Amino acid sequence: MNIHRSSLVGRFLVTGLVAMVFAAACTGEQTPSGVDAPTPGAVDEGRSASEALCPTAALAGADGPVEIEFWHAMSATTGEVLDELVADYNDGQTAVQVTAVFQGGYRDNFNKYISTLRSGGTLPSMIQLNETSMQQMVDSQSIIAVEHCVVAADYDLSDHPARLLEQYRIGGELVTMPFQLANPVLFYDGNDFVAAGLDPDDPPSDLGVLESVSRALVDTGTVPTALVLDVDAWPFEQWVNTAGVALVDNDNGRTARAQNPGLDSEAVGDVLEWLDGMHDAGLLQITGRGGDQAALAKFVAVGLGTATMTIASSASLGEIYKQLERAPDVDLRVGPFPGLAAGATAVGGGSLYLLNETDDAERAAVWDFMTWLDEPVQQVRWSMGTGYIPTRSSASDDAGLQALWVERPGFRVAFDQLSRPGDLPGGGGPVIGDHLGFRDAIEDGLEALYAGDDPAEVQAEMQSNADEAIDDYNRRIGE
Amino acid sequence: MATVKLAAVSKRFDGATLAVDDLDLDVADGEFMVLLGPSGCGKSTVLRLIAGLERPDDGEISIGDRVVNDVDAKERDIAMVFQSYALYPHMSIRRNIGFPLKPRGIARPDRDKEAERVAAQLGLTDVLDRKPGQLSGGQRQRVALARAMVRRPSVFLMDEPLSNLDAKLRIETRADLVGLHEQLDATVVYVTHDQVEALTMADRIAVLDTGRLQQLGTSEEIYDRPANLFVAGFVGTPPMNLWSATVVDDAAVEVAGVRIADASFRGVWSGGSAVVAGIRPEAIELAGDGVPGTVGWVEDLGHEHLIGATTPAGDVACLRWTERGKPPRIGDEVYMRPDPAQLHWFDPATSERIPWP
Amino acid sequence: MAADAKRIELAAGSKLVARYLLLALVAAIVLFPVYAAVMVAQKSLTELGSLDVLVPDRIDLGSVPTALGEARMGRYLVNSAVVSVAIVIGQVVTSVLAGYALAFLDFTGRRALLAAVAASLIIPFEVTVVVNFETVQQLGGVDTYWALVLPFVAFPLGIFLMRQAFLGIPRDLLDAAVVDGYGHLGILRSVALPLVRSTVAALSLFSFLLAWNQYLWPLLVTNRDDRRTVQIGLKQLTGAVGPDLGVIMTATLLATIPILVLLVVFERQLIRGLTAGSVKG
């Protein structure tokens, strides 16, 4: 029973539909974000224009509850927690009624949204998508940048870590509302560290240390292989991020649409060399390329003791801790993401978009719901239920979260990682129209690398494939 | 009962091959008409035209007083027996036989009753509840017949109904069919490539070749006075010997320099003309003189021998040797003397029979 | 290997044994994933990977009510059943009628129509999905059962399959029915259809499978939970690392049951279709 059959369809829709929508909608000139935004000029002028686009006060004038539909991609436990939050919001006030609709994973949700947009169907007022869709949502011209609401409502963003706001800004403008944040972290079995004579409280901080720790684990006969990974472009991008090197040009695509990939950088070469060396030395095992199954297999390997360490999203924390209760012989610990350098990682995860096929009251209602979800109380609840990093710095003051952090320190590791020093080019991770095509180029390369290809050849191939994906997208939207 | 009349009927397939070419044919009421010819001669097409399974490109088809060119098969009051019997494999014999009654609005019990009646007539009562696959070839053939009989059509059309039976059963069934015809007093148009069937069963035979009517007549007429070389060669086993002959003067015909007949072609043929002499095998005897030939093969049929010989002109001669004693052997020189009273003459240019005497 | 092969040749009996051993091996390979799924449905994540997971040490049907209730698999199963059955009926009716017409009826444009049907065979669903979605949207079909069914009631492959099956019927049988007084509908019902029953059975099963396993289309045209189908339900149960694997496996097995039932029901028809081959009387 294949429930992940949508990838081919996804690629078709992503490359085809956005282009169609764009061709149909795009007539005017492009601001960096592509949104119908006023050019940053006089502050007053900007403010009134923002109020027109996002009349955050319009809710007061509406008669009866304003109904809004919210399309999301949260399944399993996270889906349940989200449903509870929505229900509490609906029960807690009378002005807005939210209907949350699960639309498959992020990719399915995006595909359905674009199809509906293209065919003139009934659109939601708000949608949750992850960072790979950001450029395409901008290019679809179907959103209102949240920046306008922030300006109109004079919303205070000082409690939000700068790194996460930067992640969702294009051309200095906040495109979408952060909601759930994740970062890659290191999972490891402390018992193995002790057995190999290593300090379980001192996880490897970068790739160099990770390699020597791996060697110690294997040389002492503690585990057959030290590190287990799947073929996944996300941590790969993060290694490059930690070196402060851009993955695409135009400041990671944040000052203008990306034109060329930067996979020919020295940093990329270093990561490939490192992976190749680890793999050849038998220190690294690969579970394969295939989303959920390959990701799950990493934890199974650690749980069974065929490997000690793995790198995965902090979003898995909630579930992993739950499963670990039944595995007493594993002392699972969480450490910061071991970078290529000591620099910062980019925030990943889903964010909330305000859509422009909405009237004033609906926009105000979406803003109300978004900001309610953004409140520290809700963020704490969301984080505790799922393992996502809260969007608010002040969440760390919450007693419940602090208690959880004591019990499950891994949650704190991911939160603290947001304030790791270092600058990302353009302020955040790469913004790429066909980000999935870009990641495919990386993952194709990784597969070739693990199959024994030369790292230099792999790097050249990655660069040219990624270039093709970027050019293809830009050509389709007529640039 | 009804007559069947075809007037100048032509049928072309795919706009190219002329399967039936300007055919005129009258079948009398109650007549057993056999369409005889080799495969591909158009005889089955004629049957399908009468049935309404094909529509003619030209000409007129009438059944009884009615022109049926534009009448659907089901309105033509005909029944057809197929070479393959065309029994419906998923139905019991009872339902197979009663099947044609259903579109006429006859209720199930009445259909069954009729089916049983006809089945009894053909000795099929015991197999009524079986499926066609469980029956022998002969039984299936009778079921096909029963299915045709059950609706009491005015015309029966039969397409080689005996060709899938073994030799013994075929001879029996031949007689049965003739008996049935007399009993039903129905008009039958019967297609076969088997001349023995045609000769033994038909009231009249229509010999067809390349879509054209070659000869229409009774068995005797067809056998004794074949209208052309095709009929002469097609009807009769072994076939009629056809020798090239020369008219030597107004009064005699020679084969290989041997005078075989005194003939009077005065005014029609002059000396030196070539003709074809047709002699049935039984009209030749071996004698001390006559047309010379070398024995090529000898077949012992028990009561007689068939002997094949080659004349000096290269023609094949086949004759029956019914005398007692040792027959000639392969390689022997023999002399053949045809019975002058049983000679047929054909024009080699037109293939037509030359009326003589 | 060569020695084994020789010995098998020596005795027909041991050949048979070898054949059945091979069949048993193939059956075991085919059935293993199903067995594993059943066993995993009873275990926790940390027990995975070790071979112990395959030991049937406990049978726990506790996750069945959870899957049916909390995970709403019950409702999804009903929806999938309704939609799939409707699609099967639609596809069989249109395939039979169109297949018959394309096989036997002589009408202007038949060749062109046949070519069009053949051409539509090679158009992937992904290409038509956008246009279909657009149409259904404009007809107000979102969240309706008919929107889940309508785009699939004509099935080019089914039309082809039925046409081929009809062409396999001996010409004489159809001619006989014509002479016996039947029109096209009568021939179709009384003669042609009963003779292609095994093809209809195979088509039904195949189209049910396709309909049952649909994911993208139902996701596109439904927003309301009570209109959604079983594959979306399964997707909703699957998280990044998966919540309760037992519930997922149970739900997956529940989703497989209708197909198993159909296979058993249609088995005789299917095997007859595969082995009989001939319809000669």
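This is a predicted model: local features need pLDDT of at least 70, side-chain atom pairs count only at pLDDT 80 or more; totals for chains, interfaces and linings use all residues.
Start with chain A and select Tyr113(A), Met137(A), Phe187(A), Tyr353(A), Phe369(A) and Met370(A). These residues touch the most other members of the largest nonpolar core, which holds 88 residues. Next, colour residues 360–374 of chain A: this is helix α15, which gives the most to the core, with nine residues. To place the core, select domain 1 (7–181 + 347–397) and domain 2 (184–344 + 431–476) of chain A; both give residues to the core, so it lies between them.

Now centre on Tyr113(A). Leaving aside residues up to four places away in sequence, Tyr113(A) touches Trp71(A), Leu123(A), Pro124(A), Ile127(A), Met137(A), Ser142(A) and Leu355(A). After that, select Val46(B), Val71(B), Met80(B) and Leu254(C), which belong to a second, separate core of 78 residues.

Move on to where chain C meets chain B. Show 17 residues from chain C and 23 residues from chain B to see the contact. The two chains, C and B, bury about 1800 Å² between them, and 62% of that area is on carbon and sulfur atoms.

Two salt bridges are found across the interface of chain C and chain B. For one salt bridge, select Asp175(C) and Arg48(B), whose closest N and O atoms are 2.7 Å apart. Between chain C and chain B, seven residue pairs are in polar contact.

Finish with α9 (171–179) and α10 (184–195) of chain C, each of which supplies at least two residues of the side that touches chain B. On that side of chain C, α9(C) gives the most, with seven residues.

Conventions: Residues are numbered from 1 along each chain as its sequence is written. Chains are lettered from A and ligands numbered from 1 in the order in which they are written. Side-chain values use heavy atoms; hydrogens and water are left out. A nonpolar core is a set of buried Ala, Val, Leu, Ile, Met, Phe, Trp, Tyr and Cys residues joined through side-chain atoms within 4.5 Å. Buried means under 20% relative accessible area, exposed over 50%, partly exposed in between (1.4 Å probe, protein chains only). Helices (H or I, at least four residues) and strands (E, at least two) are DSSP runs, numbered from the N terminus. Domain bounds come from an automatic or database domain assignment. Contact means heavy atoms within 4.5 Å. Buried area is the accessible area (1.4 Å probe) that two parts lose on being put together, summed over both. A salt bridge is a side-chain nitrogen of Lys or Arg within 4 Å of a carboxyl oxygen of Asp or Glu. A polar contact is a pair of N or O atoms within 3.5 Å; within protein, one must be able to donate a hydrogen and the other to accept it, and residues adjacent in sequence count only if both atoms are side-chain atoms.
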